[in-house]
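Here is a short report on one protein model. Take a look at the fold before reading on.

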Amino acid sequence: MTERAETSTENDPLLAGEADTRRTADSSDRAYHTIRKLLVEFTLKPGERINEVQLSRSLGVSRTPIREALNRLASEGFVSLTPNRGFFVRSLSTEGLLDLYELRSIIECAAFKLMCERAEDSEIDRLQQYWEAIVDGYRDQAPDIILAEDEGFHLLIAELSGNPELVGQLASINARIRFIRRIQIEHPSHDKAQVTSHSAIVAAAVKRDAENGMKLLREHIEMTVSATQQALKDALLKVFAPGNGADLKRRRKARDA
């Protein structure tokens, strides 16, 4: 009778390596969600240098998953990486914001026009089905879900244009404004009329009405800009209002370190 050899991570280096990789991935994912929550709730202040050692101790994980989480957040625009200095929380500023939204409007309008000209009927149906699948509960979702679904809607229009460069450019802009848009979506000024706006854009796409669709997109983006500017002003007041002097001193100290 042949005895069955028991395999375990202790005596199999390959399995042990796989287990370590899974543990690191789980720790990195947990660190990502925890740090992201600290950012959107302003527990970590705009402009503040992020202390990786302190985060590692607080979360009970090594610095490797912390660094992986921060790199992921940097790619999403929530933090920035300064060479030889480390990671910093993104500053709240309207500087360059109008330029980015202007570029976004140009790209999205061009994508919509090309979609109307090039897309198959089945592809237009994809846009309609995407929106119909989320429209009923769209208003009541958590801000992160609203943001992801909204980005998905606009990126799908770019994809259906048939021009991958437009998709890449729009994705890049989304990464640069995502942190600020996340603030705007949670702000009371977030306009529920955007639901109607999306529905009207889909209706124009189904009719292949490029002119009306581009007009709706421009108005939609302009509405977002106005709401974002107000949300940023309120966020700055909230973070750096009188009484939060200790936070401001701490931010300056971290910045100058």
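The accessible surface of the protein comes to about 14200 Å², and carbon and sulfur atoms account for 50% of that area. This is a predicted model. Of its 257 residues, 42% are buried.

The protein has 10 helices and 2 strands. Along the sequence the order is α-α-α-β-β-α-α-α-α-α-α-α. Among contacts between residues at least 6 apart in sequence, 76% join residues at least 24 apart.

**The core**

The largest nonpolar core holds 65 residues. Ile-35, Phe-112, Met-115 and Leu-127 touch the most other members. Helix 4, residues 97–118, gives the most to this core, with 10 residues.

Which residues does Phe-112 contact, leaving aside its neighbours within four places in sequence? They are Ile-157, Ile-201, Ala-204, Ala-205, Asp-209, Ala-210, Gly-213, Met-214 and Leu-217.

**Helix 5**

Helix 5 covers residues 121–134. Its 14 residues reach 21 Å from first C-alpha to last, close to the 20 Å expected at 1.5 Å a residue. The buried residues of helix 5 fall within an arc of 110 degrees seen down its axis, so they line one face of the helix. The face turned away from that buried side carries exposed residues.

The table sets out both groups.

| Group in helix 5 | Residues |
|---|---|
| Buried (under 20% relative accessible area) | Ile-124, Leu-127, Trp-131, Ile-134 |
| Exposed (over 50% relative accessible area), on the face turned away from the buried side | Asp-121, Gln-129, Ala-133 |

Notes
Residues numbered from 1 in each chain as written. Predicted model: local features only at pLDDT ≥ 70, side-chain atom pairs only at ≥ 80, totals over all residues. Heavy atoms only, no water. Core = buried A, V, L, I, M, F, W, Y, C linked by side-chain atoms within 4.5 Å. Buried < 20%, exposed > 50% of the residue type's maximum accessible area, 1.4 Å probe, protein only. Helix = DSSP H or I, 4+ residues; strand = E, 2+ residues; numbered from the N terminus. Contact = heavy atoms within 4.5 Å. Expected span 1.5 Å × (residues − 1). Arc of directions from axis to C-beta. Areas by Shrake-Rupley, 256 points an atom, 1.4 Å probe, with all protein chains shown as cover.
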